[in-house]
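The paragraphs that follow lead through a structure step by step, with each term given its cut-offs where it is needed. Please keep the sequence and the coordinates at hand while reading.

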Amino acid sequence: MSDAAAPATTSNPASTPAPALVVDDLKIIGIPSRAAIIEAIMLEVRPGEILGVVGESGSGKTTLGLALLNYCKQATQVDGGHIFVGDQELAGLSWRAVRRLRGQAVTYIPQSPASAINPALRIRTQLKECLSGTERTVMHRVRELLREVALPDDDDFLARYPHQLSGGQQQRIAIAMAFAARPALIVLDEPTTGLDVSTQAHVLETIREMCKTYSCAAVYISHDMAVVAELADRIAVMYSGRIVEMGDTAEVLAASQHPYTARLLLAVPDLEANRPMVGIPGHAPSPMARPTGCSFSPRCPLADDHCRSAVPPETETTPGHTVRCFKAGQQLPPVVTPPPLESWDSAKEPVLVIHGLQAGYGGAAVLENIDLSVQAGECVALLGESGSGKTTLARCIAGLHSGFTGELTLVGEPLARSSFKRTQEQRRRIQYIFQNPYESLNPRRTVRELILQVVHAVRGKVANSEAVVQEALAHASLRPDHADRYPDQLSGGERQRVAIARALATEPDVLICDEITSALDVSVQSSLVELLRGLQAEMGLTLVFITHNIALVRNIAQQVAVLEAGRIVEHGTVEQVFADPQHPYTVSLMESTPNFQLPDGLYTPTPPSEDPTG
Amino acid sequence: MSTTRPETVQDDNKPAKQPTLLRRALRTTTTKVGMVLTLIVLITAFAGPLLSPHSPTEFVGAPYASAGTSGVFGTDNLGRDVFSRFLHGGWTLMMLAIAATAIGVGLGALVGVVAAYVRGWVDEMLMRGGDVALAFPQIVLALLFLSIIGPKLWLLVLMVAVGHLPRTARVVRGAAVSVVERDFVKAAEAVGIARWRIVLGEIVPNITGTLAVEFGLRLTYSIGLVAGLSFLGLGQQPPAADWGLMINENRIALTVQPWAVALPVLAIAILTVGTNLVTDGLARASVGSDKGVEQ
């Protein structure tokens, strides 16, 4: 079979070549619970084809990706099924054969390039490791690879260490390493998650070209539908360890059959903010506690008793498009449009004024000449890529970074540089929400203690502490019984809600949100943005929203300040800046962001005045 | 992106609470064995005085009478009952060792956490001072002061504790440095919580695993040190019953009356092995304990 297929792929790529990867009924279980982490996985990827695997955290997509390298994470094992790469079955290979397989037949590009590349080795050594042969041929191939991933190929560059490269360059080195041995299959596990949009665009382009040049099959794992839609030929949507929908990219986007796919699509923020972001309530169940029947039924607006009792089988709707749903293709109930953002009123009194702020770490200047004023009740977005100084600016405002000069006034009073030197009242008025909710909540305190700790610190003793906690939880759309939980018992989205509840409990004037959605799934991100917009309308909160995501800015902010290399290069209302960007940097940011447009029919705007149920 | 993060289901009203460190450690057999060994010796030491057939200083027979003829395990160099002295002799050793460990690990942890949190020259001073102290072997330092000032029990406890302090401080500083960098400490600073409260409320609770392991390890060393110093005559003084002292008093007649030496030696050995196994189990359990963060 392989003898016949091999010449076919080289001579006539248009005919259907033998698949490079076949996964047949794969099941992986956790030890010792023996709960299935992924099951009934059927896949085929052909040479030169990119399969996008999409799902929220906990859906088992990384477990699947690692299984393709014949690798199981600790406390997991394969419990049935077959994986073929080319015509080689992975199960039962000796460790020697597995070592030959990895890096030659199958390669892997992990999420964080910084941790995938050995920081102690020069680029030259790193790349040569993947190749064998004489010095001359190896170096020739190394330079060729570098040119292919659009990096310089001179000796100077080859002598560098990974820390002397930017994140995007590091990721391209990882790509070069992965393609070095001309593998049959390449597994990419969210390789652009940590990168800026413009870098992400370059890396995606590189991946696409390399796959075509080498006619290499690729499995691209991501939680970001927008990225996958741009890159993949086919999409497999995973939920709770199963592939719930799979088909050609255009087909899945235009005619998604599974309600989960449809909700995932709706969760992607729209670059033009023509439709609202809609989150998916709840979160993916853990392998230990999956519901009976269809795993998505608890979160599905269409589910009925049949869905809750039986697992839907895989059915083919059109050739090559499979779905696991009893309600396949049914229309989802329409989404309610939230009221449009209030337009910016320049007549209002500014709450927070920053004038001539300069900040740095040690000798290096990070921020220069920052002037910004924030009106009461409005949301100002600070937009910038990593290293633009946006987090430093936020920390200066919060009193967490005291190495700055310039003026900072809150309702007319000057603010001290360090939070310890500010008055209790000033500390109460400014609240800071951190990027990573896995870091910002002390794991040894219950949610109630976490909220009360901050309340006691900035408001002193409160008489009705339980009422304060419950009110804060309700504001953040959490249940009263969440008060007794520890952060470990909450999902990422719930943790970030706790962080929001904790800030709201102090009744702040200004809420600083530092990339609060970037560590979370797209579906969770949407529900957090919904929450913040609601709170802003309801409580008149003033928000400073820091992000690198343009689409988010358009969905939440009235004013935007674009930061580049420590300076504000463009500042104005959101409509103004995005309709007519003046600075080339803003233009380039907008161009490199994937503009993900929903197919017609998935979202029909409903006038806000109408009855929301109809 | 993790795919195996244990997540609680939304409608689950009683989420699985993380079991305590000790409970997780007790899942392994070695910890269980260690716990049993430690408890045997601890019960002997603390309940012993109540069960002993004679007073530890009462003369019950001829010196070095063999086992069975006079008392269960015979008599010692002065004709006192070996078994009674054994039952009385563990109590002080235990108390001294536990007190020395508590003081040493307590102060050491404080120094370590403060150094990690304050950083700068305070950190440098504390840690370099610790390096100087570490240059002295623990037993030599104790011997020096005990032989100058005299064999006082408080001094013995103090010297063992002082020996532990820089060692503990160094380990705890290492564990605390990574906790200090985490955002919840900054979150506490942003709302202006007092620094000492941040140390006690935010940092210390997140290094309990390290502290438990360090306490167990230092306790093992303390038992050996206190027993060793007693053996050298720098601890409990005659006629008091003490395991270390018993070994010293009766070692010349090891072939005639082995029990007077063997009993305390066995007890100390079992205790040391036992606490070591428990500590080992704790260390293993605590490696997986701070699972709050993935990414």
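Which residue of S21(A) is the bridge partner of A:Ala381? The partner is A:Phe545, and the account below sets out the sheet to which this pair belongs.

This is a predicted model, in which local features need pLDDT of at least 70 and side-chain atom pairs count only at pLDDT 80 or more, while totals for chains, interfaces and linings use all residues. Residues are numbered from 1 along each chain as its sequence is written, and chains are lettered from A and ligands numbered from 1 in the order in which they are written.

Helices (H or I, at least four residues) and strands (E, at least two) are DSSP runs, numbered from the N terminus, and two strands pair if DSSP finds at least two bridges between them. Strand S16 (residues 379-383) of chain A is joined by five bridges to strand S21 (residues 542-547) of chain A, the two running parallel. Both strands belong to an open sheet of six strands in chain A, with the order S19-S20-S21-S16-S22-S23 and mixed pairing. Its edge strands, each pairing on one side only, are S19 (430-433) and S23 (567-573) of chain A, and the twist averages 15° from one strand to the next; angles here run from 0 to 180 degrees between N-to-C directions, and axes are lines fitted to C-alpha atoms, for helices over the stretch in contact.

A further open sheet in chain A has four strands in the order S15-S14-S17-S18, with antiparallel pairing, and its edges are S15 (364-375) and S18 (413-414) of chain A. Helix H14 (residues 390-398) of chain A lies across S14, S15 and S17 of chain A, and runs at about 65° to S15(A).

Strand S9 (residues 217-222) of chain A pairs with S3(A) in the parallel sense over five bridges, A:Ala218 being the bridge partner of A:Ile50. S10(A) also pairs with S3(A) in the parallel sense, over four bridges, and here A:Val237 is the bridge partner of A:Val54. A residue is buried if 20 or more other C-beta atoms lie within 10 Å of its own, exposed if 12 or fewer, and partly exposed in between, with C-beta atoms placed from the backbone. By that criterion five of the five residues of S3(A) are buried: A:Ile50, A:Gly52 and A:Val54 point one way, and A:Leu51 and A:Val53 the other. In a regular strand the side chains alternate between the two faces of the sheet.

Helix H12 (residues 259-267) of chain A is likewise mostly covered, nine of its nine residues being buried. What covers its buried residues includes strands S3 (50-54), S10 (234-239) and S11 (242-248), together with helices H10 (225-231), H11 (249-254) and H20 (522-539), of chain A.

For a helix pair, consider helix H8 (residues 167-179) and helix H9 (residues 197-213) of chain A, whose axes come within 10 Å and cross at roughly 10°. Because angles under 35 degrees count as roughly parallel, over 145 as roughly antiparallel, 65 to 115 as roughly perpendicular and the rest as oblique, H8(A) is roughly parallel to H9(A). Among the residues that make the contact are A:Ile175 and A:Phe179 of H8(A) and A:Val203 and A:Ile207 of H9(A), where two residues are in contact if their C-beta atoms, placed from the backbone, lie within 7 Å.

Chain B has 11 helices and zero strands. Along its principal axes its C-alpha trace spans about 75 × 50 × 25 Å, and buried residues make up 48% of its 295 residues. Among contacts in chain B between residues at least 6 apart in sequence, 72% join residues at least 24 apart.

A nonpolar core is a set of buried Ala, Val, Leu, Ile, Met, Phe, Trp, Tyr and Cys residues joined through C-beta atoms within 7 Å. The largest such core has 254 residues, and those with the most contacts inside it are A:Leu185, A:Tyr220, A:Ile512, A:Val544 and B:Val226. Helix H3 (residues 82-118) of chain B gives the most to this core, with 17 residues. Leaving aside neighbours within four places in sequence, the contacts of B:Val226 include B:Leu93, B:Leu96 and B:Val160.

Some backbone details remain. Most residues other than glycine have a negative phi, and most peptide bonds are trans. A cis peptide bond, with omega about 5°, joins B:Pro238 and B:Pro239, and B:Pro239 is found in the loop between helix H9 (208-231) and helix H10 (243-250) of chain B. A:Ala150, in the loop between helix H6 (135-148) and helix H7 (155-158) of chain A, has a positive phi, near 60°.
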